[in-house]
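Please look over the sequence and the three-dimensional picture below before reading the report that follows.

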Amino acid sequence: MDSTSLGHIVRRERKAQKLKQAELAAVSGVGIRFIVDLEAGKPTLQLEKVLHVIKTLGCDIVIVPPAGGT
């Protein structure tokens, strides 16, 4: 997964929930520019804000350790 793929997922889910970017920004407590950048796949966004937007959409992130990892 890369930032572009994550941005596509966020955009698809936002649209599925019939939210405009400004509406998602408002309920997430971030600026509209942040949502635009997130959906565009900007790689330097603040992780905590990205996670908050994802949670606001009702999505989860699952991290799977590599096989044989500790």
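Which residue's side chain meets that of Asp37 in a salt bridge with an N to O distance of 3.0 Å? The partner is Arg33, and the two side chains meet in a salt bridge at 3.0 Å, N to O.

## How the model is described

This is a predicted model, so local features are given only where pLDDT is at least 70 and side-chain atom pairs only at pLDDT 80 or more, while totals for chains, interfaces and linings use all residues. Residues are numbered from 1 along each chain as its sequence is written, and side-chain values use heavy atoms, with hydrogens and water left out.

## Salt bridges

Side chains of opposite charge can pair when their charged atoms come close. Here a salt bridge is defined as a side-chain nitrogen of Lys or Arg within 4 Å of a carboxyl oxygen of Asp or Glu, and by this rule the count comes to four. Helices are DSSP runs of H or I with at least four residues, numbered from the N terminus. Asp37 and Arg33 are four residues apart in helix 3, and therefore they are separated by about one helical turn. The accessibility words used in this report also have cut-offs: buried means under 20% relative accessible area, exposed means over 50%, and partly exposed lies in between, using a 1.4 Å probe and protein chains only. By these limits Asp37 is buried, with a relative accessible area of 13%, whereas Arg33 is exposed, with 55%. Asp37 also takes part in a salt bridge with Lys42, at 3.8 Å from N to O, and Lys42 counts as partly exposed at 39% relative accessibility. Salt bridges with shared partners also join Arg11, Arg14 and Glu39 into one network.

Glu39 is buried, with a relative accessible area of 5%, while Arg11 is partly exposed, with a relative accessible area of 36%.

## Helix 3 and its neighbours

The buried residues of helix 3 are Phe34, Ile35, Asp37, Leu38 and Glu39, and they pack against helix 1, helix 2 and helix 4. The axes of helix 3 and helix 4, which are lines fitted to C-alpha atoms over the stretch in contact, with angles running from 0 to 180 degrees between N-to-C directions, come within 11 Å and cross at roughly 90°. Helix 3 and helix 4 are therefore roughly perpendicular to each other, a term that covers angles of 65 to 115 degrees. Contact means heavy atoms within 4.5 Å, and the contact here is made by Phe34, Ile35 and Leu38 of helix 3 and by Lys49, Val50 and Val53 of helix 4.

Leu24 is found in helix 2 and is buried, with a relative accessible area of 0%. Leaving aside residues up to four places away in sequence, Leu24 touches Val10, Arg14, Leu19, Ile35, Val53, Thr56 and Leu57. Leu24 and Arg14 are ten residues apart in sequence, and their C-alpha atoms are 7.4 Å apart in space.

Ser28 is also found in helix 2, and at 4% relative accessibility Ser28 counts as buried. With residues up to four places away in sequence again not counted, Ser28 touches His52, Val53 and Thr56.

## Backbone angles

Most residues other than glycine have a negative phi. Lys18 has a positive phi of about 55° although it is not a glycine, and Lys18 is placed in the loop between helix 1 and helix 2 (21–28). At 73% relative accessibility, Lys18 counts as exposed.

## A nonpolar surface patch

Leu47, Leu51, Ile61 and Ile63 make a nonpolar surface patch of about 420 Å². Such a patch is built from residues with over 30% relative accessible area and no salt bridge, where nonpolar side chains (Val, Leu, Ile, Met, Phe, Trp, Tyr) are joined within 5 Å and like charges within 9 Å, and the accessible areas come from the Shrake-Rupley method with a 1.4 Å probe, with only the protein chains shown counting as cover for residues. One of the patch residues, Ile63, lies in the segment after helix 4 (47–56), and at 73% relative accessibility Ile63 counts as exposed.

Note on methods: Helices (H or I, at least four residues) and strands (E, at least two) are DSSP runs, numbered from the N terminus. Angles under 35 degrees count as roughly parallel, over 145 as roughly antiparallel, 65 to 115 as roughly perpendicular and the rest as oblique.
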